[in-house]
Amino acid sequence: MRKIISLLGKPCAGKGTLLRRFLEGKEDQYICVSFGDALRKEVEKETILGQQAKIYMEAGKLIPDYIIINIALGQIRKAPENMSLILDGFPRTAEQAEAAVEAKMGITHVVNVKISDEEAIARSANRVVCPECGESYTLNEYKKPKKEGICDRCGVKLVRRSDDKPEIIKERLESFNNYTIPAIKRMKDSGVEYLEVVL
């Protein structure tokens with residue numbers, strides 16, 4: 001049976017790590033939809049949605065829900081019927097969740113990678129990432145690389161993320177708590193299977 005999984009979580013919760021671990025050996029069964037990547041492709045192709053999104057992106061504003069919803073619908077429709085999907089970061093708002101339910105997008109599971117605000121801030125202060133594979137590590141004992149400053153997978157130098165600044169993390173946490181938690185509640189109320197994961 002085809003699954004459509006909504007993958008959500010606060011910044012620094014370990015969503016990317018969970019995704020990579022889950023997909024190992026299942027690449028022929030799942031399509032992962034990153035909405036950041038999908039948006040950039042729409043902009044590059046100069047589609048109607050891409051042209052509309054570009055206006056907001058260049059102004060540094062949030063992308064309106066209707067654009068994200070239409071991208072989600074398009075990704076689901078074009079995916080082969082025998083492939084399951086992971087929607088990374090969708091729905092982010094209650095409005096997006098409501099639209100997903102109303103449009104019968106077929107989301108079967110919501111996975112919420114749990115973390116406290118305090119832990120997210122602490123992890124962001126210690127996080128380094130691989131610029132090649134995206135694997136995250138910490139400078140403390142939580143998840144240190146085997147060789148200091150080097151990715152275990154790729155052997156390349158780890159770097160700090162530009163958005164791992166206390167003021168940015170706090171803004172992202174506030175956004176998650178204000179907008180995404182109500183989205184999760186709406187999806188749970190719709191009857192999808194809900195799972196919480198702690199890394």
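Biologist: How many of the six residues of strand β4 are buried?

Modeller: In this predicted model, strand β4 covers residues 109-114. A residue counts as buried when its relative accessible area is under 20%. By that cut-off the strand is mostly covered, and the number of buried residues is five.

Biologist: Which residue is the bridge partner of V111 in β7?

Modeller: Strand β4 runs parallel to β1, joined to it by five bridges, and S6 has V110 as its bridge partner in β4. Strand β4 also runs parallel to β7, and six bridges join these two. Within β7, the residue that partners V111 is L195.

Biologist: Which strands lie at the edges of the sheet?

Modeller: The sheet is open and has five strands, paired in parallel in the order β2-β3-β1-β4-β7. From one strand to the next, the twist averages 20 degrees. An edge strand pairs on one side only, and this holds for β2 (30-34) and β7 (193-198).

Biologist: Which residue in β3 does Y30 stand opposite?

Modeller: Strands β2 and β3 pair in the parallel sense, over five bridges. Helix α2 packs on the sheet and touches both β2 and β3, its direction making about 70 degrees with that of β2. As for Y30, the residue opposite in β3 is S84.

Biologist: Which element gives the most residues to the largest nonpolar core?

Modeller: This core has 30 residues, and F35, L87, F90, M105 and I107 have the most contacts inside it. Several elements give two or more residues to the core, including β1 (4-9), α2 (35-45), β3 (84-88) and α7 (166-189). With seven residues, the element that gives the most is α4.

Biologist: Leaving aside neighbours within four places in sequence, which residues is L87 in contact with?

Modeller: L87 is one of the residues with the most contacts inside the largest nonpolar core. Contact requires heavy atoms within 4.5 Å. Once neighbours within four places in sequence are left aside, the contacts of L87 are I4, I5, S6, L7, V33, F35, I76 and I107.

Biologist: How many charged residues are in the contact of α3 with α4?

Modeller: These helices pack at an angle of about 145 degrees, with axes 10 Å apart, and α3 passes α4 in a left-handed crossing. The meeting residues are L49, Q52, A53 and Y56 in α3, and Y66, I67, N70 and I71 in α4. Sorted by class, the contact has six nonpolar and two polar residues, while the number of charged residues is none.

Key:
Residues numbered from 1 in each chain as written. Predicted model: local features only at pLDDT ≥ 70, side-chain atom pairs only at ≥ 80, totals over all residues. Heavy atoms only, no water. Core = buried A, V, L, I, M, F, W, Y, C linked by side-chain atoms within 4.5 Å. Buried < 20%, exposed > 50% of the residue type's maximum accessible area, 1.4 Å probe, protein only. Helix = DSSP H or I, 4+ residues; strand = E, 2+ residues; numbered from the N terminus. Pairing = 2+ DSSP bridges. Axes fitted to C-alpha atoms, helices over the stretch in contact; angles between N-to-C directions. Left-handed = near helix turned anticlockwise from the far one by under 90°. Nonpolar A, V, L, I, M, F, W, Y, C, P; charged D, E, K, R; others polar.
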